[in-house]
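Subject: Structure handover

Hi,

Here is the structure I promised to pass on. Please open it first, then read the notes below.

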Amino acid sequence: MLITCPYCGPRDVIEFTYQGDGNRERPQPASQDIDAWNAYVYDRLNPAGDHNEIWQHSGGCRAHVRVVRNTLTHDISSTAFAHGGHKSAARHRTEAKS
Amino acid sequence: MAEYSAFSLLKNALSGNQDWKPAWRKPDPKASYDVIVIGGGGHGLSTAYYLAKEHGITNVAVLEKGWLGSGNVGRNTTAVRSNYLLPSNTRFYEHSMKLWENLSHDLNYNVMFSQRGCLNLAHTPAQFDDYARRGNAMRHLGVDAELMTVDQIKRLVPVLDVSGSARFPVIGGLMQRRAGSARHDAVAWGYARGADRRGVDIIENCEVTGFLRDGDRITGVSTTRGEIRARKVALAVAGSTGRVIQLAGIDKMPIESHVLQAFVSESLKPIIDTILTFGMGHFYISQSDKGGLVYGGDLDGYNSYAQRGSLPIVDEVMSEMLALFPGLARVRMLRSWGGLCDMTMDGSPIITTGPLPGMYLNCGWCYGGFKATPASGLCFAWTIAKDEPHELNAPFTLDRFYRGLVIDDKGQGATPRLH
């Protein structure tokens, strides 16, 4: 799978780190709205079809990229800088699995 | 008398094998049932079986969109184990293990359950300590676990590279000897026959296209074979949970669907008679009775409903295999395939009433659903029959995330692809 980084151009998927559902809204840090935090941390859109998601070009320019990708075919219909709204705390996948 | 026995084998051999009954009927759907189970995989079939056997509820339909056994029950790598850290997981999977130990007798169907052990390899002192902790947690709950030294591992799996010059030297391991593998098709067929003989209708090529509602309450389903009504509708659709529950108007769930690949090599003479897992990556391997090495690794790592994987993971899995077994470098891979995994936010499953009235939900098996098949069906049947959870699945609620009662065995947090 190739993802077109808006800065670097088309690159192999292994250069990117997946950060998941790009529709989530992170509440303000001081927010005490438990429903909003619960939705941000745990609830995901999980469509069979076009999925709006965030990837980070962690093996390249490190930009966060908003990608629209079809989860049935893996075809990517658009990519753009993620800017603003979504700041994810997802880490790189360095963990060992057992 | 048992349907399959030495006597029936002999009798049917003498009559030219003309009198065997099909293992399950191919009925047309009735207009209504007491219970509809959506999903004719391992969990759906075992749910129907235990509904009939334990609760006497036989007016049940199992709806399967493809053919029986076409989903994850025929795609997994067949490992059965109960080597968890947290009590709610350990108790549930250990109960499943006990059901496995008697499953062939219970079903009168040889599921070829082989308790060949599961060995987690440790490569650092910290990891070995962690295994000791998990082993102690298991033993505390009455599950078998033992630490193995390098010498013992070398005797058990001579083909494994345990030299100090390995890329990640092995320094020990955690063994569960009662763990093992089973023939996954036989599990599906055995449960299907057991349910069918008790009156359950197994309806293949019947895809659910919508839910029938009376206000909030679910009163049935519309399918490619017409509308079917039921007092209770139970979902056991694993990787398709997101897709099916959307039909009921629920868009967001604490679940992501990911694809997991599995591989099988050409047949070899017996060289690995246990299940081995690599501790410095995500890799597991066993050898089937036919001789093929059955192995797999990590998820592809992004949402997918494609049931096929991508090449970077193939490369990663093969590298990990060769890090453990340099001697297998020239073994040829025969087949690879993908299955959909419903990854939850804490890596543990969901078996619960709801989320809508008249609906029951069984999902979130991540990539550990096969070993859970008997206990999942047993607990889900209980939940459906009694409208309350069995004590073993009481912790596996849908609202545990909201309530802060997550069961995160690996402590990875809400990043499903890492569980």
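The contact between the chains takes 31 residues from chain B and 24 residues from chain A. Two residues are in contact if their C-beta atoms, placed from the backbone, lie within 7 Å. A word on the source: this is a predicted model, where local features need pLDDT of at least 70, side-chain atom pairs count only at pLDDT 80 or more, and totals for chains, interfaces and linings use all residues. Residues are numbered from 1 along each chain as its sequence is written, while chains are lettered from A and ligands numbered from 1 in the order in which they are written.

**Where the chains meet**

On the side of chain B that touches chain A, helix H8 (241-246), strand S12 (252-253), S13 and S16 of chain B each give two or more residues. Helices (H or I, at least four residues) and strands (E, at least two) are DSSP runs, numbered from the N terminus. S16(B) gives the most, with four residues. By class, this side of chain B has 13 nonpolar, 12 polar and six charged residues. Ala, Val, Leu, Ile, Met, Phe, Trp, Tyr, Cys and Pro count as nonpolar, Asp, Glu, Lys and Arg as charged, and the others, Gly among them, as polar.

Strand S4 (residues 44-45) of chain A runs antiparallel to S12(B), joined by two bridges. Strands pair if DSSP finds at least two bridges between them. A:Arg44 stands opposite B:Met253.

**The sheet in chain B**

Eight strands of chain B form an open, mixed sheet in the order S5-S6-S4-S14-S15-S16-S13-S17. S5 (146-148) and S17 (333-344) of chain B stand at the edges with a single partner strand each, so one side of each lacks a neighbour in the sheet. Neighbouring strands are turned by 25° against each other on average, direction ignored. Axes are lines fitted to C-alpha atoms, for helices over the stretch in contact, and angles run from 0 to 180 degrees between N-to-C directions.

Within the sheet, S4 (residues 118-122) and S6 (residues 172-176) of chain B pair in the antiparallel sense over five bridges. There, B:Cys118 has B:Gln176 as its bridge partner. Helix H9 (residues 311-324) of chain B lies across S13, S14, S15, S16 and S17 of chain B, at about 135° to S16(B).

**Domains of chain B**

Chain B is divided into domain 1 (28-78 + 184-254 + 346-418) and domain 2 (115-178 + 256-344); the bounds come from an automatic or database domain assignment. Their centres, taken over C-alpha atoms, are separated by 29 Å. 24 residues of domain 1 are in contact with 18 residues of domain 2.

Best wishes
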